[in-house]
Amino acid sequence: MRVLIIAWEFPPKIVGELALYVSRVAAQLVRKNFDVYVVTHDDYRTGLDQRQDGLKVFRVANPVKTHISVLTWDLTLAAEFERASSDIIYSTARTVSLIDAHEWLCVIPAIALKKAFDIPFVYSVHSIEDQRSRGATSPFNLAITNLERLGCEEAERVLVKSTEMRDELKIRYGVSPNKIDVVQPSSDTWIDDILKVYEKAIRAPLQDFWRLAEA
Amino acid sequence: MVQRRNILMLSWEFPPRIVGGIAAHVHDLSRALAQTDLDVHVITLEFPGAEDYEEIEGVHVLRVDSYKYPSPDFASWTFMMNLNLQAKGIELIRSLKSNVDVIHAHDWLVAMAAVGLKHLLRVPLLATIHSTEYGRRNGLHTDYQTMIHQTESWLSHEAWRVICCSDYMASQVSWAFGVPRQNIEAIPNGVDLDKFRANFDRENFRKKFASPDEKLVLFVGRLVYEKGAGVLIEAIPKVLSNVDAKFVCVGEGYMKDVLISRAHHLGITHKIYFTGFLDDPTVKLLYRVADVCVVPSLYEPFGIVALEGMAARTPVVTTNAGGLSEIVEHNKTGVRVYLNDPDSLAWGILRVLSDKKYAERLTQNAYKKVVEVYNWNRIAERTKSVYERILHEYEKGSWKPVSTQSSKPTS
């Protein structure tokens, strides 16, 4: 099965905890025989990076370098995420089955790719705006909040790391708890639980895709 | 059966939503293109009272929600509303079974949607750059302006070709963004002559603006520094010492109060009429009753006002800023005066007002030029040939929305 992960940071670009988390997920998926592509940002180390274990990392630079906020930074970067992802999808004969979009910054390309190619996506939520900017309701915060809400609405599944986050999404964005999956990174069955979420998102038994993985 | 080509235009404004000159340009161009064998679709922003979908003279117009939530600033709003434009674009292209041949984007305001659509659906992109941030701001002074400049640059690089409205703009785009000059087409804006043919009671209309023995000097433009309204004010006393005239200024802008107070200081308040915004049909009639139309711009990518004066058979007095020097040839199709020089401007106005035969010769030549060069049918043909050239190259290439297992993903 072919999976595309979109994350705004990935090693060696490490800003927060996201980079290492996504790196672990990707590595584990590769071990389970999935064909994994990561599309991420780096202003210098651009291009395709094929790792020894088979993981393929595409790094794209922001086409606009000067910005007035992380919001505008993300909005122009989104087009490059769409480009790299589209190139991957076309070159693999449109056999990418699923997109895993991490955080609000990757919601825009995920939605665009879903609309253009009918590829479902999982919205992996690590934090939300109200936690990062407690109580702030400036237009800037609202724009990000809107993107988070949009991500919850358009995603097939919303993947969170704690029951607390699940409750937050329920309260803040009115997401139905049936749509949210909680997978704790510390759990023994962590990666298998993530795979179950992927399976739900694709709405087909994973067995079919195990076979595809070998094809 | 030969399939008709589908063109998708992306524009942040389209009538009835009119902000600047882009709306009229896209409106006129798309209708003229639809007259040829092209199917033209315009995706633009909503406007109160306007339909979500309508067909205007063969052009399919789709209007989408603009971003409704409070925005930190204009540029952020622009980027956010691009999401809606892009979503509509995907929907449209897929509904046409991916048969959109060219995406034609107008200015940086639709860059994000245009570039995204280009790559998602592998459709060649063409960009018309109407003006640049560099030119609008006379340099880049803040991060905000630099961000917009870089967005313009990005769009022009992602485009297969760039269209500008004058050689002047083509040069500007070339040095400002580093786009090779040969990738830029200079195609002028046109003017719709039909808009200057309505029947009206000339005497009664003119009376609203000037008395019968006053010459009517018309200025149409935003009351901002680069349009030169300040230069005009300084020229007025000199004109008035030779001829009785009324100066009618149509437009709004941040300089309005300054201009009014300067007029008061010069003692000419009774000779100048700031009309504010006027609806388009009224402005078109004003062009026709004016004795002279002045365009004292300091920066001018094109100079549509001069063209409209010429279409209305009114003599034009302009500077040589930007595109104006390409439209108005001195002593032939109009009078050209020195930039930022009130005395020169006064001289030009008096030259036209004092010599009727000279003025008539100018207007005849000017009208002829408008009919031959600035008609939308001709401009549509030139634009269409750019589409054809792009498509010819695209068809020969391997960058297509077809899936091939063997091809390597590009970086």
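**Confidence, contact and sheet in a predicted model**

Visitor: Which parts of chain A have the lowest and highest confidence?

Guide: Helix α8 (residues 206–214) of chain A is lowest, at a mean of 52, and strand β6 (residues 121–124) of chain A is highest, at 98. The score is pLDDT, the predictor's confidence in each residue, from 0 to 100. Helices (H or I, at least four residues) and strands (E, at least two) are DSSP runs, numbered from the N terminus. Where pLDDT is low, the predicted coordinates should not be read in detail. Chain A averages a pLDDT of 93, and 94% of the residues score at least 70.

Visitor: What rules apply to this model?

Guide: The model is predicted: local features need pLDDT of at least 70, side-chain atom pairs count only at pLDDT 80 or more, and totals for chains, interfaces and linings use all residues. Residues are numbered from 1 along each chain as its sequence is written, while chains are lettered from A and ligands numbered from 1 in the order in which they are written.

Visitor: What makes β11 and β14 of chain B edge strands?

Guide: Two strands pair if DSSP finds at least two bridges between them. The open sheet of 6 strands in chain B has the order β11-β10-β9-β12-β13-β14, with parallel pairing. β11 (272–276) and β14 (335–336) of chain B each pair on one side only, so by the pairing rule they are edge strands.

Visitor: How do you know that β13 of chain B pairs with β14(B)?

Guide: 2 bridges join β13 (residues 316–318) of chain B to β14(B). The rule asks for at least two, so they pair. B:Val317 stands opposite B:Val335 in β14(B).
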